Amino acid sequence: MKKILASTAALAMVATTLTGCGGSGDITAESGKTNLTVAVGGDFALPDPAIVDDSITANVLAQCYDGLYKLDKDGNVVANLAEDLPTISEDGLTYTIKLKDGLTWSDGTPLTAEDFVWSWKRAMTTEGYYTNFMYGYIAGTTGEDGNPYTNMEDLDANMGVRAVDDTTIEITLKMAAPYFTSMLTNTVFYPVKQDEVGSDPSSSEWAQNASADDPIVTNGAFEITGVNIKDAITLSKSENYSDADNVQLETIEFKVMGDLDSQTQAFISGEVDFATAVNVEQINNDEQLQGHVYAVDPFVCNYFVLVNAGNENDGSTDGLAALKDVEIRQAISMAIGRTTARNAFGYGDDYSYDLYALIPSGIPDAEGNDFYEQGGHLIEDDVEAAKAIMESKGYSEDNMLTLTYKYNNLATHKAVAEAMQASLREIYIDLQLSGSEKEAFFNDRDAGNFELARHAMTADYLDPMCYLSMYVGSTTSGNTVDDPEFEQMVNEANLLSGQERMEKLHEAEAYLIEQGYIIPLFGYTEPFLKVKNLTGITSSPEGHYDLTHAYFE
């Protein structure tokens, strides 16, 4: 059984954590300890539910905020702070939600329907990515010009949400959306306390002011007692949580460890109890570590290349001009080297698969079948056909097309980029790689400041629209498609119901891939490492894990 030890001191550290009969080599923590250390693979965003659009910070929020609804392990929507699923009017436009009695904030003050309504209006002012779940669906959220309202005065006057009484919320939609209840599980619908936010509702600065003496008030199992987005976020148990008697942990510390090898070693040495960004190749080759894998299963997630082919593409570079050509986009998709890129990612066949569509495996259609499996391959690997296209455009070994691919700096993303770089050279494309820090990268991608860009997305709700809606609407952040024909197909699909609607969404997805707007690479699940006696963790298909009832046996 292989162990990687950096020093004698590390050996001593590991010795205190290895237990078990017959020298099993299990890595365990002290039984009954109440502090949990979690390692994450990148910086945090400020822990403001309105603006969070990354999985790392969303998983922090999942420990300290409760929404009206949540997804269970199979992706079903279940009531959380709501008494039951919404009562929906016959026309599908009005949702009435009853809150459970006696809800409180972590400071013990009442949590009411008005708190949710204010929080949703306030979220709109931040212009966070997931506010499109609001302005794309809720009535009274956009002006005559189609742009979202971003000030409280307009939102107070128009937004179709209201508190009927202290425990009743009413939401009015622009159009029927059978998946809207699933959208209510998103962090953007979490409540935040008005006193915490302060006088400027659009600001998120309040979300970095936390200490043990002055925690950020939340409504979940833990309060936020420390925030350093480059280093760590610390949570402490809320004694006013409704199920506090069954929460055994007193603190959870999320620590940034961006290097996969270092994080894996930190787990082996006992520095962390739950490691969420690890060296999967090392796990696959280490019998001991395999026994410590915790995998979110099912996990609905894709990894793809976003092509700048919409309104943001001004043709100002040779690369941007070339990407206006659908045949060149198709050639890139045919020659991208999916299997090679996936192998470079390092997750192996146990945790990943080649993807030939935008929507990954795990989303059911109206008949319960897997949407991806029913749709089949929407693009095929064909290097020779891709090379012929590029030659017809005048490209050759002596006249390469230069394109730039942007990604955020992580070793796995760099490895995927380098694999694609090698594959595309076969069809006369010189792929220049541009890595940057996460925030800068996301800003560039959302603004359309790129030629090709890395993208990956877990399913925020289990409906094909979770992915297709990303490329509908000129105000949707990161929409670099801007194709009226695609948008019409999606809109027509959502006027239908049942399997007929699903078939129309298949057509829309096929068009998106055939036009080369999206270049799918692979689907995957994240294998984590946990100490053997850490139990009580649950998860859901969008990639959220719940540590609120975890404990050390």
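Predicted model: local features only at pLDDT ≥ 70, side-chain atom pairs only at ≥ 80, totals over all residues.
Residues are numbered from 1 along each chain as its sequence is written. Local features need pLDDT of at least 70 and side-chain atom pairs pLDDT 80 or more, totals for chains, interfaces and linings use all residues, and side-chain values rest on heavy atoms, without hydrogens and water.

**Annotated span**

An unreviewed UniProt entry lists residues 77-478 as "domain: Solute-binding protein family"; such annotations may be inferred rather than shown by experiment. The end C-alpha atoms of this span lie 27 Å apart, and the span is 31% helix and 19% strand. Helices (H or I, at least four residues) and strands (E, at least two) are DSSP runs, numbered from the N terminus.

Helix H12 (residues 326-335) is largely enclosed by the rest of the structure, because 7 of its 10 residues are buried. Buried means under 20% relative accessible area, exposed over 50%, and partly exposed in between (1.4 Å probe, protein chains only). The buried residues of H12 are Ile328, Arg329, Ala331, Ile332, Ser333, Met334 and Ala335. At the start of H12, a side-chain oxygen of Asp325 comes to within 2.9 Å of the backbone nitrogen of Glu327. Gly337, with a positive phi near 80°, follows the helix.

In H18 (residues 438-447), Lys438, Phe441, Phe442 and Arg445 are buried. Viewed down the axis of H18, these residues fall within an arc of 95°, so they line one face of the helix; the arc is that of the directions from the helix axis to the C-beta atoms. Glu439 and Ala447, on the other side of H18, are exposed. The cover over the buried residues of H18 includes the strands S15 (301-307), S17 (401-408), S18 (429-436) and S19 (452-458), where contact means heavy atoms within 4.5 Å. H18 is followed by Gly448, whose phi is positive, near 75°.

**Aromatic contacts**

Rings of Phe, Tyr and Trp (its six-membered ring) pair if their centres lie within 6.5 Å; planes under 30 degrees apart count as stacked, over 60 as edge-to-face and the rest as tilted. The count by this rule is 27 aromatic pairs. Two of them are tabulated below.

| Pair | Centre to centre | Angle between planes | Class |
|---|---|---|---|
| Tyr129 and Tyr130 | 4.9 Å | 85° | edge-to-face |
| Tyr405 and Tyr407 | 6.1 Å | 25° | stacked |

Tyr129 counts as buried at 15% relative accessibility, and Tyr130 counts as buried at 9%. Tyr405 and Tyr407 are both buried. One aromatic cluster has among its members Tyr129, Tyr130, Trp120 and Tyr461.

Definitions and conventions. Polar contact = N/O pair within 3.5 Å; in protein donor to acceptor, adjacent residues only side chain to side chain.
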